[in-house]
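Please read them with the sequence and the model side by side.

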Amino acid sequence: MKPARQNTEAEIEAFSTVCQRLGGFEPRLSAEWCDGFIAALAAGPRVLAVDEWLPAMAGEAYDRAFADPEDRAAAEQALAVRAAALAVQLDAESIDEDPEALRLAPLMYVWDDAAREEAVKLDGLAPDEAAGLVTGGEWADGFFAALQSFSADWNADADEEAVAVFEELLGQVHALRLADGSDELAELVQRIYGEEGADRDRLVDEACWAVQDLRLWWVDHAPRPETRRVEKTPGRNDPCPCGSGRKYKKCHGAAA
């Protein structure tokens, strides 16, 4: 079993700095949002290289924020280091070997009443905007943005029962996007947790468990590659399969 890889403080600082610079050109690209985006990729059905997911995550902001080649390489390294840690945390074999261990450690800003008041005073947010700031909200937004960017990968071909499990797991992540005290959150909590209920801390934990379960779900339901049928190459003196009536060596085999 691979130990759950935790980034060092220096690695987290480097990652956050990259995301902060990206956020100067695209405000949604906070460290929390980007972390959710990358976590979704780590939980998904296939491994993506950084140069495949980075344009989908950052768009033009990456080219604008990191024009210098050396600066760009350092930024990509910081993102790759965080992605590698999340990949280990969501290693399917390790999760399966110890299903009681919560391995995923997301980067989330903790929003409480004091933090919301500060956002109103220092950042100029309207009180109703600040009320919508919830722990894990941006992370979940990033998570679902990755699903949208790679929707073809996440279009699972499974039976009705498996799809229901899949949607339930996504629902637990979606819960993080809902404002505390909202009717939608109350209905979701009632449906999933019943009378026991769930506070914000539990919602975060359950979302992390759900992401780990999603990783295992994809192990069982990953799309199978199409089987290629390789036709036997005709002999040089056999009739050409194109139907010309000529020998293969005089027709399509001449270029072989």
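1. Asp35 sits in helix α2 (residues 31-43), where helices (H or I, at least four residues) and strands (E, at least two) are DSSP runs numbered from the N terminus. With a relative accessible area of 0%, Asp35 counts as buried; the classes are buried under 20%, exposed over 50% and partly exposed in between, taken with a 1.4 Å probe and protein chains only. Leaving out residues up to four places away in sequence, Asp35 touches Phe15, Arg82, Leu86, Pro106, Leu107 and Trp139, a contact being heavy atoms within 4.5 Å.

2. Some ground rules apply to every point here. The model is predicted, so local features need pLDDT of at least 70 and side-chain atom pairs count only at pLDDT 80 or more, while totals for chains, interfaces and linings use all residues. Residues are numbered from 1 along each chain as its sequence is written, and side-chain values use heavy atoms, with hydrogens and water left out.

3. Next, the chain as a whole. Its secondary structure comes to 12 helices and 0 strands. Of the 256 residues in the chain, 40% are buried. Among contacts between residues at least 6 apart in sequence, 66% join residues at least 24 apart. The accessible surface is about 14900 Å², and 49% of that belongs to carbon and sulfur atoms; accessible areas come from the Shrake-Rupley method with a 1.4 Å probe, and for residues only the protein chains shown count as cover.

4. Ala119 belongs to helix α7 and has a relative accessible area of 1%, which makes it buried. Beyond the residues up to four places away in sequence, Ala119 touches Trp111, Gly124, Leu125 and Leu133. Ala131 lies 12 residues from Ala119 along the chain, and the C-alpha atoms of the two are separated by 9.9 Å.

5. Gln172 is part of helix α10 and is buried at 12% relative accessibility. Apart from neighbours within four places in sequence, Gln172 is in contact with Ile192, Tyr193, Glu206, Ala207 and Ala210. The C-alpha atoms of Gln172 and Val211 are 8.8 Å apart, although the two residues are separated by 39 residues along the chain.

6. Which residues pair by charge? Side chains of opposite charge can pair when their charged atoms come close. A salt bridge is taken here as a side-chain nitrogen of Lys or Arg within 4 Å of a carboxyl oxygen of Asp or Glu, and by this rule the count comes to 13. One of them joins Arg116 to Asp180, with the closest N and O atoms 3.6 Å apart. This pair links distant parts of the chain, 64 residues apart: Arg116 is in helix α7, and Asp180 is in the loop between α10 (160-174) and α11 (183-193). Arg116 is buried, at 13% relative accessible area, whereas Asp180 is partly exposed, at 41%. Both residues belong to a network of salt bridges that links Asp113, Arg116, Asp180 and Arg200.

7. Another salt bridge is formed by Arg177 and Asp141, the closest N and O atoms being 2.8 Å apart. Because Arg177 lies in the loop between α10 and α11 and Asp141 in helix α9 (residues 137-149), the pair ties together parts that are 36 residues apart in sequence. Arg177 is partly exposed at 34% relative accessibility, and Asp141 is also partly exposed, at 32%.

8. Arg202 and Glu196 form a salt bridge as well, with the closest N and O atoms 3.1 Å apart. Arg202 counts as partly exposed, at 24% relative accessibility, and Glu196 as exposed, at 62%.

9. The last item is the surface charge. Glu93, Asp96, Glu97, Asp98, Glu100 and Asp220 form a negative surface patch. Patch residues have over 30% relative accessible area and no salt bridge, with like charges joined within 9 Å and nonpolar side chains (Val, Leu, Ile, Met, Phe, Trp, Tyr) within 5 Å. Lys and Arg count as positive and Asp and Glu as negative, while His and the chain ends are not counted; each charge is placed at NZ of Lys, CZ of Arg, CG of Asp or CD of Glu. Helix α6 (residues 92-97) supplies the largest share of the patch, 3 residues. Asp98 is located in the loop between α6 and α7 (113-123) and is partly exposed, with a relative accessible area of 31%.
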